[in-house]
Amino acid sequence: MGNSKSGALSKEILEELQLNTKFTEEELSAWYQSFLKECPSGRITRQEFESIYSKFFPDSDPKAYAQHVFRSFDANSDGTLDFKEYVIALHMTTAGKPTQKLEWAFSLYDVDGNGTISKNEVLEIVMAIFKMIKPEDVKNLPDDENTPEKRAEKIWASFGKKDDDKLTEEEFIEGTLANKEILRLIQFEPQKVKERIKEKKQ
């Protein structure tokens, strides 16, 4: 019965998702049906995820960023997202508490998954974000953050770290909660995603 290919969500997964997110049974069931329509196998591959993501950014190159987002969502590192991983990710990035969103952001920036963030990892994510910013929008950025290198430098300096220091999850979350400027610098992109999604709906 409750396998990923059946038409209904298993009771266990439904209960677990309701417990871990704010979504209702009706919302979850409706999403599951549309998830199965898009992904009849019950799983999203990285390529499918990149394709979905690129629809929101027809005039930029979101591939690198989408790969990092996918990695951070793929909880069991099997190269696919099942419905549970998809919903938990959706919750954490949209409806979650600030600390939950920052836990996700930490996993996004922790590229090698070793539990700390280096300055190079910050630069890697920021470079992926910059590929998604339109050139005319880059021109409007302040001088000290209008290249990936400058923005990574600014983020790193905001945490008071030396070049070869490492950043723990606790430092990342506490530092970002205490400094709205860091939040703006690391989160430039999700706000744009929301704007694009709104535009698509109108």
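Modeller: Before we start, UniProt positions are given in the numbering used here, feature names are shortened, and annotations may be inferred rather than shown by experiment. This is a predicted model, where local features need pLDDT of at least 70, side-chain atom pairs count only at pLDDT 80 or more, and totals for chains, interfaces and linings use all residues. Residues are numbered from 1 along each chain as its sequence is written, and side-chain values use heavy atoms, with hydrogens and water left out.

Biologist: Which residues does UniProt list for "domain: EF-hand"?

Modeller: The unreviewed entry gives 61-96 and 97-132. Residues 61-96 are 67% helix and 8% strand, with end C-alpha atoms 27 Å apart. Residues 97-132 are 67% helix and 8% strand too, and there the end C-alpha atoms are 26 Å apart. Helices (H or I, at least four residues) and strands (E, at least two) are DSSP runs, numbered from the N terminus.

Biologist: Okay, S77 then. Why is S77 called exposed?

Modeller: Exposed means over 50% relative accessible area, buried under 20%, and partly exposed in between (1.4 Å probe, protein chains only). S77 has 65% relative accessibility, so S77 counts as exposed. S77 sits in the loop between α4 (63-73) and β2 (80-82).

Biologist: What makes the phi of S77 worth a look?

Modeller: That phi is near 50 degrees, a positive value in a residue other than glycine. Most residues other than glycine have a negative phi.

Biologist: And why is E169 called partly exposed?

Modeller: The relative accessible area of E169 is 33%, so E169 counts as partly exposed. E169 is found in helix α10.
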